[in-house]
Amino acid sequence: MTLFDVVFSGADTVYGLAEGAINAAIEKHGADKAVSFPGTAYCLPCYYAVTGTKVTNLGELKEALGVVKGIETKNVKLNDVFMNGVGTALCAEFIEALKYLDGADPYEGTGCSGHLSDAIIRELGVPLVTGDIPGVAVILGKAPTADEAAALVKSYQAQGILVTLVGDVIDQCVEKNVNMGANVRVIPLGKDVTSVLHVVSVAVRAALIFGNVEPGDAAGLMKYTFERVPAFVNALGALNPVVVACGAGAIALGFPVVTNDVETSKAVNIKVPKSLIVQPDVDKFNATSLEARDIKIKITNIDIPVAFASAFEGEIVRKKQMQVEFDGSRVDCFELVQSKEMTEVEDHKIELIGPDFDTFEKGSKHSIAYIVEVAGKNMQTDFESVFERKFHSYLNCIEGVMHTGQRDMIRVRISDAAYEAGFRAKHIGEVLYAKVKNDYDAVVDRCQVKIITDAEMVGKLRHEIAIPAFDKRDDRLKSLTDESVDVYYSCIMCQAFSPSHVCVVTPERLGLCGAVSWLDAKATNELEPTGPCQVITKERVIDDRIGEYEDVNEAVKKFSNGALEDVSLYSIMEKPMTSCGCFECICGIEPMSNGVIIANREYAGMTPLGMTFPELASMTGGGVQTPGFMGHGKHFIASKKFMKAEGGIERIVWMPKDLKEQVAERLNATAKELYGIDNFTDMVGDETIAEDPETLLNFLTEKGHPALNLEPMM
Amino acid sequence: MGDFKLTTVEEFEAATARLLETGAKVGADAWQIRVKNQTPHCKFGEQGVCCRICAMGPCRITPKAPRGICGCDVHGIVGRNYLKFTAGGAATHSDHGREICHTLYLSAADGNYKVKDEAKLMKLAKEFGVETEGRDLYDVAHEVAEVGLMEYGKPFGFQKFLDRMPASQKDLLVENELAPRAIDREVASSMHMAHMGCSSLPEALVKQSIRCGLGDGWGGSMMGTEFSDVLFGTPKPIDTEANLGVMNADNVNIVVHGHDPSLSEMICEYADDPEMIAYAKEMGAKGITVSGVCCTSNEVAMRRGIPMAGNFLQQENVILTGACEAIVVDVQCIFPALGPLSKCFHTKFITTSPIARMPMSDYIRFSSANAGENAKQIVKTAIENFKNRKPELVHIPDMKQKATVGYSLEAIVKVLDGVTNSQVDVTGTTKPLLECVTSGVLRGAVAMVGCNNPKIRPDLAHIELMKKLIANDIIIVASGCSAQAAAKAGLMDKRAKDLCGAGLKRVCELADIPPVLHMGSCVDISRMMNLVAELAKDSGLKISQLPVVGCAPEWMSEKAVSIGNYVVGTGIDTFLGVDPYVSGSAEVAELLTGGVREWTGAAYTVEKDIDKLVDAMIDRIEEKRAAIGI
């Protein structure tokens with residue numbers, strides 16, 4: 001038997017299962033019964049991406065099965081193997097979709113995720129492009145021992161790799177108490193082998209969302225995933241034909257498969273360089289897989305007794321697991337970066353002033369301050385806040401440490417497990433030192449950290465040093481307007497994913513992902529002059545109203561490799577800036593009220609446009625201009641430049657309640673300043689007020705919302 | 001795929017037609033005209049049934065006259081002709097190899113020729129049993145050269161390089177008395193056997209043809225390749241361009257043509273010399289462009305990225321551009337027509353070798369000892385000729401493609417190392433390629449070689465065969481004029497991966513290679529022999545079991561027959577698109593297409609229909625796969 005025969009037999013098996021399931025479902029529910037996955041704008045995403053056809057009911061699903069039969073040709077070329085692999089994935093998608101009939105939640109209570117929503121994919125966009133998630137591991141099957149399974153999962157987790165699990169390996173991880181969940185980047189998908197489809201669906205939607213791959217362009221899809229989605233498969237245990245057929249689908253998308261099934265590999269010639277690799281030793285799966293997919297892990301060796309990886313960034317330390325807490329809302333706390341003269345800084349000096357964690361009672365609250373003092377020839381005070389903002393991420397990456405807030409409103413929790421592993425105050429200093437030096441080596445020559453737990457001293461320093469420093473910075477930020485600076489910056493960090501998208505970052509318009517402010521871009525440019533952020537001059541104005549410049553257009557054309565000719569900075573209707581797909585929010589026009597609504601990524605409900613966030617989002621992205629829709633960062637909402645060309649923020653008529661609360665203070669301040677309106681957000685609708693345009697219009701009329709009296713947008 | 005598109009044979013022909021218009025204006029002759037004059041060809045000659053090896057004849061065999069005056073039958077006559085044809089080719093390749101040995105022998109630290117690839121020299125020294133420890137590099141080089149030269153006339157033993165073969169093939173050859181002895185001896189023995197009154201037994205004549213060919217492939221040619229690498233560097237992947245569009249109307253154009261890199265390397269060296277470039281500017285040009293034709297072009301393309309102006313049947317086109325200041329030739333495949341043609345233009349036709357003397361040429365005798373001076377004189381001559389150009393005759397077709405060339409065996413192994421996984425694999429082997437083949441991702445490999453021949457629409461067979469093969473997940477290694485046809489069409493552009501089946505495409509992407517790998521000039525077919533030998537050794541299979549075949553669809557020279565014989569002798573089935581003058585004898589034809597398999601593990605297939613030829617190759621590859629259960 002050849003490898004090809006095995007794939008064909010596996011594909012036939014899965015096809016048979018899908019056929020049986022679909023026929024049974026039609027018999028039970030009738031052909032008109034609706035079929036869909038929750039939280040996606042792409043129907044059955046894999047089938048839609050491959051064929052361009054949207055399946056909405058069981059009858060169409062049956063037709064789709066016929067299409068799959070047609071692509072599963074059985075000649076002896078690799079293309080046949082690829083198509084049988086793809087066909088297997090599609091059949092798996094059909095089988096999984098049937099589980100969701102009637103709005104069922106088939107994975108509830110199983111500890112597994114099943115289908116992953118579009119919102120999750122959009123969240124993954126930024127960390128994937130920045131390399132914070134350097135890869136995606138798909139582990140399926142059963143490891144020789146539970147210990148090996150747990151060790152393998154943890155090895156990826158420690159590297160920040162997103163791990164998805166299918167089959168018995170999930171139980172093995174449960175047995176070994178592996179910390180699982182989306183927040184620690186280990187996602188059990190499901191026990192059935194068909195549930196592997198849910199991660200395939202993520203890769204496929206990434207191509208649609210970020211890559212602007214046209215649905216139906218199967219070749220373009222495969223090219224995108226091969227070149228841009230750093231996923232790989234670890235198949236543990238005996239390979240049966242179904243697993244091999246799934247593997248063929250993975251390889252078709254460009255994802256190598258590593259197996260420990262030596263026996264089958266001897267019986268059938270299955271070894272294929274960089275694609276199908278036999279590694280008998282599960283301990284070496286990690287290294288083998290990373291090499292096969294050319295994934296490089298940024299190594300930051302930090303001398304601390306617990307793990308440090310981006311996978312732990314979302315980890316939550318609950319009260320009962322907490323050893324000690326520092327809470328800026330109750331006691332004095334702060335974090336601060338200060339630039340100093342070279343002579344004032346002794347590199348890698350870490351100083352603790354006050355008692356260490358040992359002396360604190362379990363579960364108690366205390367004051368803390370950590371001051372990172374940096375010096376360097378190219379250091380600028382503007383960078384202080386850039387580094388400081390990263391502390392949140394740095395401290396969260398420590399296993400067993402949770403950090404929220406910023407400046408003097410921080411909260412840090414240390415888990416009992418981390419404490420027991422030996423984590424102490426100086427380790428916070430080690431992490432901050434190592435990361436600042438590592439990430440900003442071009443501007444930081446020396447760095448020292450002071451950690452202060454002496455409550456009295458913290459209080460004194462907070463008022464004498466920290467608050468004045470923050471005030472000074474705020475004044476500087478206020479003075480930073482689009483008009484007051486000479487240059488803007490491009491950001492093409494996302495081009496790994498969205499090859500023709502370019503953000504133009506200005507002081508009043510941060511990148512749409514919310515992660516790159518003008519200062520960030522400036523620092524990035526300083527750190528890496530040929531990197532993703534390049535200086536864009538703004539000398540030749542074409543149209544002040546919409547914010548269009550000849551120099552900006554030239555830059556955009558260059559950085560988008562000719563895909564984009566011109567953009568405006570301040571208009572949503574005329575030449576709007578494009579989106580990669582990673583945007584925090586999407587704003588779209590609401591014709592009845594003459595305004596715009598904004599939905600954020602976290603919002604799962606309906607908007608008055610009759611579309612959910614995923615559906616709205618699917619209309620833009622991929623670096624294409626879509627007048628009337630615009631992706632943007634949350635911070636941009638309160639900017640004076642927010643769709644200035646169309647009248648500015650007074651066009652905002654609706655936002656989800658959570659988002660509204662987040663931006664209220666700044667948005668109200670801007671409304672007051674621009675139009676003299678008090679409490680503007682009270683006039684803005686949300687989902688508790690209206691989810692349809694008529695109700696919204698009534699509400700807006702009642703409140704006298706200013707948008708109603710503005711010029712029509714269209 | 002972006003803006004990538006293959007250049008079609010129709011486009012080649014349109015460009016040629018435009019150049020022939022210029023030719024007609026100046027009264028130039030052309031091969032297209034001469035083919036017409038020579039058609040129809042002599043039927044006796046075509047069938048190989050004409051014998052003129054003694055003065056009693058010529059005799060030609062017909063149903064009414066089935067034997068010559070001496071009584072030799074048609075099989076003996078066809079067999080002898082075939083053997084002499086082979087001997088001509090083997091002598092030619094091998095003498096080229098010998099010339100390179102002499103050049104290596106003259107290499108010196110401060111000489112015109114130096115050792116560029118020391119590691120390869122050391123490897124050869126070890127293979128030849130030459131002491132290296134504590135010795136001067138050039139002492140070693142000279143002794144290696146001498147041992148190599150002795151291979152031509154040594155009284156005893158087989159060719160040393162035969163030890164590179166897997167034992168299974170070498171043993172088969174020894175057993176069947178096909179293992180080549182001294183190179184010159186095999187040529188001389190062939191001539192002896194084909195003398196009046198010697199062999200007329202088809203079996204003996206075919207066997208000697210194979211042995212003589214093997215003396216070329218595993219002797220003279222292999223030495224030519226290996227020693228060229230020592231002197232000029234082992235080729236590594238390098239980007240270049242191909243087709244007439246590489247010539248530059250603003251520059252002095254020097255075209256090198258022939259086979260021996262000793263001359264062309266030196267020309268390239270001096271064309272790059274700032275002094276020469278300045279001189280060219282002084283003479284009104286913007287610079288100097290060296291491009292190549294035929295295998296000398298392959299040699300300098302592989303090592304220096306020098307662009308390829310064209311292959312065998314494009315040699316006259318180079319002059320017809322009206323922009324060629326000098327066409328500098330060494331040996332083999334040079335049309336005597338270039339002399340009269342050059343007189344229709346300002347072009348200098350410069351012959352350099354006592355082996356290839358031609359009327360109406362400027363003879364600047366090139367010698368290894370004075371290579372630098374000779375080359376400088378040639379470059380200067382070309383520069384000074386720039387002013388004589390007739391602008392109204394200048395037309396360079398705007399036609400070229402990008403190509404990545406330079407896939408020596410060493411380079412291929414390095415590429416393969418790049419797709420290994422250090423956690424599970426060893427490096428320095430051909431195993432990754434074998435894994436691709438055994439798993440079915442690649443179905444097999446075809447070695448495409450050989451010339452152009454007006455009997456086949458030029459380049460069409462090469463290009464069409466390659467297109468169909470790569471679409472069927474069959475990887476191609478190419479050399480000689482076949483490689484240049486591929487490069488001109490665009491098949492050596494990495495973007496040609498999009499023309500491949502899914503399997504070969506993925507291999508191209510992962511290994512970052514084009515689907516057609518340029519392995520060099522025609523002597524470099526020895527590289528292909530080394531490659532299959534390694535594949536056999538790494539897989540534990542016999543060479544004849546590998547799903548690999550050879551193909552020369554447009555061959556024309558004696559060298560090509562010698563090559564065919566050693567490829568078959570190595571155990572690789574060989575497919576020809578032109579009959580080697582053996583159709584007159586059913587017995588000889590049967591031996592070549594069948595009987596020889598018993599002695600070597602392989603045989604010839606002759607098929608003039610290109611579509612059938614490619615299908616026959618694909619079928620053979622699939623048969624071989626089935627036979628070993630993959």
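Tutor: Gladly! Let's start with a pair of side chains: those of B:Lys120 and B:Glu410 meet in a salt bridge, 2.6 Å from N to O. Keep in mind that this is a predicted model.

Student: Why is the contact of B:Lys120 and B:Glu410 called a salt bridge?

Tutor: The rule asks for a side-chain nitrogen of Lys or Arg within 4 Å of a carboxyl oxygen of Asp or Glu. B:Lys120 and B:Glu410 are set 2.6 Å apart, N to O, so the pair is within the 4 Å limit. Across the interface of domain 1 and domain 3 of chain B, the rule finds two salt bridges.

Student: Where do domain 1 and domain 3 lie along chain B?

Tutor: The domain assignment puts domain 1 of chain B at 69-232, domain 2 at 244-393 and domain 3 at 403-627. Between domain 1 and domain 3 of chain B, the contact takes 40 residues from domain 1 and 43 residues from domain 3.

Student: How far apart are the C-alpha centres of domain 1 and domain 3 of chain B, and how much area do the two domains bury?

Tutor: Their C-alpha centres lie 23 Å apart. Domain 1 and domain 3 of chain B bury about 3,400 Å² between them, with 67% of it on carbon and sulfur atoms. On the domain 1 side, B:Tyr82, B:Phe85 and B:His93 lose the most area to domain 3, together 20% of what that side buries.

Student: What makes the interface between chain A and chain B?

Tutor: The contact takes 27 residues from chain A and 25 residues from chain B. The area buried between the two chains is about 2,200 Å², and carbon and sulfur atoms give 58% of that. The count between chain A and chain B is one salt bridge.

Student: Which side chains of chain B and chain A meet in a salt bridge, and how do you know that they qualify?

Tutor: The side chains are those of B:Glu435 and A:Lys271, at 3.5 Å from N to O. The cut-off is 4 Å, so a pair at this distance passes. Over all chains, a search of the whole structure finds 87 salt bridges.

Student: What separates A:Glu96 and A:Lys99 in helix α4 of chain A?

Tutor: About one helical turn, because A:Glu96 and A:Lys99 are three residues apart in that helix. Their side chains meet in a salt bridge at 2.7 Å, N to O.

Student: What makes up the lining of the largest cavity by class, and which helix gives the most?

Tutor: By class, the lining has 28 nonpolar, four polar and no charged residues. Val and Phe count as nonpolar, so the residues named nearest the centre belong to that class. The helix α8(A) gives the most, with six residues. The lining also draws at least three residues from each of domain 1 (3-103) and domain 2 (118-292) of chain A.

Student: What lines the second largest cavity?

Tutor: This cavity holds about 130 Å³ of space. Its lining has 18 residues, with B:Cys295, B:Gly450, B:Cys451, B:Cys522 and B:Lys559 nearest the centre. The lining divides into twelve nonpolar, five polar and one charged. Lys counts as charged, so B:Lys559 is the charged residue here. The largest share, three residues, comes from α22(B).

Student: Why is the peptide bond from B:Thr39 to B:Pro40 worth a look?

Tutor: Most peptide bonds are trans. The bond from B:Thr39 to B:Pro40 is cis, with omega near 0°, and B:Pro40 lies in the loop between α2 and α3 of chain B. Another cis peptide bond joins B:Gly57 and B:Pro58, with omega about -5°. B:Pro58 is in the loop between β1 and β2 of chain B.

Student: What is the phi of A:Asp294, and where is this residue found?

Tutor: A:Asp294 has a positive phi of about 55°, although it is not a glycine. It is found in the loop between α12 and β7 of chain A. Most residues other than glycine have a negative phi.

Terms used
Residues numbered from 1 in each chain as written. Chains lettered and ligands numbered in written order. Predicted model: local features only at pLDDT ≥ 70, side-chain atom pairs only at ≥ 80, totals over all residues. Heavy atoms only, no water. 1 Å grid on protein atoms, 1.4 Å probe; cavity = no way out; pocket = protein on both sides within 12 Å on 5 of 7 lines; lining within 4 Å. Helix = DSSP H or I, 4+ residues; strand = E, 2+ residues; numbered from the N terminus. Domains from an automatic or database assignment. Points joined across faces, edges and corners; volume = space filled by probe spheres on them. Contact = heavy atoms within 4.5 Å. Buried area = accessible area lost by both parts, 1.4 Å probe.
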